[in-house]
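Morning, everyone. I have one model to walk you through, and I'll keep it brief. Please have a look at it first.

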Amino acid sequence: MTRPETAPLKPIAVIAGMAGNMMEWYDFALYGVMAPTLGTLFFPQGNHLVSILSVFGVFAAGYIMRLGGGAFFGHIADHHGRRIALLTSATLMAVTTSLVGFLPVYAKIGIGAPLLLVILRLIQGLSTGGEFVTSITYLVENAPPHRRGLIGTLAGSSACMGLLIGSGAAMVLFSIFTTEQIHQWAWRLPFLASIPLGLSIAVLRTSLPQEDKPDRHVGSRHRRSSVLHVLLDHPWALIRGAIGGWAFHAGFYTIAIFMSSYLVTGKVFSESTALGLQSASLGAALLMAPCAGFLSDRFGRKTMALLSLAGMIGGAYPLFRLVNSGNNSAALAAMLVFMLFVTLGSATYQVWLAEVFPRTLRATGMGISYNIAAGILGGTTPLLCATLMEVTHERISPAYLLVIASAVSFLMCVVTRETGHKPLK
């Protein structure tokens with residue numbers, strides 16, 4: 001059964017829907033690009049690689065928690081409305097991100113420091129798991145039918161914007177302060193910036209119109225549990241979404257999170273140069289996401305996804321060869337091209353996933369499927385890349401992981417039906 005299309009969102013509602021998502025990814029970018037610093041401050045020293053692995057392990061744990069967050073906030077959104085889920089997830093992220101800036105380091109309280117960091121990261125992962133999928137759901141459901149791809153990708157654009165701001169904040173930090181100052185106190189500043197950000201977003205989101213509450217699974221055997229309903233009645237959609245999105249997240253997190261630490265610890269580039277390359281790639285993704293959505297409205301989600309995955313399969317090995325060359329221009333070109341291929345498919349994939357599930361289960365279904373891809377499969381990419389390098393002793397080894405993920409996702413997308421030119425359920 002299709003649902004009548006609603007009136008287009010007002011600009012203030014679009015901004016409110018994007019803003020919290022931007023702050024969520026601002027925090028995740030900070031944590032990723034400052035991994036070497038956090039590893040030094042929060043984990044026992046002696047082996048630098050072990051410290052980095054520890055930080056990326058905590059990073060991966062936060063992503064795995066996204067699955068629970070997607071299910072929890074998806075249930076809230078499907079039963080009580082998108083507005084309350086968006087407001088709650090953004091508030092939770094603002095509080096936990098700010099608290100990271102107040103944490104004592106390992107030298108002060110010992111093992112308590114990494115334990116507190118882990119707890120906050122797990123809560124942040126829970127929050128992010130609900131925020132991103134609910135914002136996409138909100139935007140797609142309220143977009144004109146011929147512009148769902150374009151409007152839906154604004155959530156991805158806001159994520160890139162948050163990552164770009166977080167990466168840029170870290171770059172400015174390392175440019176202004178000395179390493180000693182950063183280790184002593186300055187590392188806290190970008191995390192504490194979440195306090196005014198969170199307050200402004202909370203106020204902005206209270207302006208969202210109170211939408212009609214979705215019907216509670218009329219005719220369903222599982223009136224109380226949207227999670228159980230989607231698991232039993234839509235298992236193939238969940239599997240397709242998770243495996244089909246693996247490569248997009250693996251590619252994105254390789255460039256947006258892993259690459260700066262990879263280049264710095266390998267002594268290929270300085271920290272500021274590596275962050276500059278990463279920021280340029282995020283800027284390209286920010287601009288490309290709406291273009292990808294526009295193209296998917298015209299040519300279909302499936303066409304864009306397959307083109308993207310083919311480019312990733314062919315581009316993974318050259319990417320790592322060129323970034324290890326030590327040539328700034330070659331590294332920049334490689335990262336930009338690869339990120340453009342990733343964004344072409346990832347932006348399309350996110351909108352497709354929102355279109356697959358019926359409205360009464362959309363946030364829950366997308367929350368589970370998307371966060372398996374983003375959290376369990378994609379979010380563990382930095383940890384897996386670092387581990388592969390340690391086991392194989394080859395700096396090129398992360399490319400093999402990207403090729404495998406892209407090939408698997410390509411096969412899954414081949415058997416996926418087109419949804420772009422059909423009305424929402």
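Leaving aside its neighbours within four places in sequence, which residues is Ile 313 in contact with? Four of them: Val 403, Ser 406, Ala 407 and Phe 410. Keep in mind that this is a predicted model. Ile 313 itself sits in helix H15, which runs over residues 301-323. Its relative accessibility is 32%, so Ile 313 counts as partly exposed. One more pair here. Ala 399 is 86 residues away from Ile 313 in sequence, yet their C-alpha atoms are 9.3 Å apart in space.

Now the whole chain. We have 19 helices and 0 strands. The protein chain has 425 residues, and 58% of them count as buried. Take the contacts with a separation of 6 or more: 84% of those join residues 24 or more positions apart. The accessible surface is about 15600 Å². Carbon and sulfur atoms hold 71% of that surface.

On to the inside. Which residues touch the most other members of the largest nonpolar core? They are Phe 252, Met 259, Leu 263 and Leu 319, in a core of 80 residues. Helix H13, residues 246-265, gives this core its largest share, with 13 residues.

Beyond its neighbours within four places in sequence, Met 259 contacts Thr 254, Gln 278, Leu 319, Phe 320, Val 323 and Met 335.

Next, the surface. Val 95, Leu 99, Phe 102, Ile 195 and Leu 199 make up a nonpolar patch. Together they have about 480 Å² of accessible area. Where does the patch come from? Helix H4 (82-100) and helix H10 (194-205) each supply at least two of its residues. Phe 102 is in the loop between H4 and helix H5 (106-109). Is Phe 102 buried or exposed? Exposed, because its relative accessible area is 55%, and the cut-off is over 50%.

Last stop, Ser 194. This residue is also in helix H10. Ser 194 counts as buried, because its relative accessibility is 1%. Setting aside neighbours within four places in sequence, Ser 194 is in contact with Met 23, Tyr 26, Ala 94, Thr 97 and Ser 98.

Definitions and conventions: Residues are numbered from 1 along each chain as its sequence is written. This is a predicted model: local features need pLDDT of at least 70, side-chain atom pairs count only at pLDDT 80 or more; totals for chains, interfaces and linings use all residues. Side-chain values use heavy atoms; hydrogens and water are left out. Helices (H or I, at least four residues) and strands (E, at least two) are DSSP runs, numbered from the N terminus. Buried means under 20% relative accessible area, exposed over 50%, partly exposed in between (1.4 Å probe, protein chains only). Contact means heavy atoms within 4.5 Å. Patches are made of residues with over 30% relative accessible area and no salt bridge: like charges are joined within 9 Å, nonpolar side chains (Val, Leu, Ile, Met, Phe, Trp, Tyr) within 5 Å. Accessible areas come from the Shrake-Rupley method with a 1.4 Å probe; for residues, only the protein chains shown count as cover. A salt bridge is a side-chain nitrogen of Lys or Arg within 4 Å of a carboxyl oxygen of Asp or Glu. A nonpolar core is a set of buried Ala, Val, Leu, Ile, Met, Phe, Trp, Tyr and Cys residues joined through side-chain atoms within 4.5 Å.
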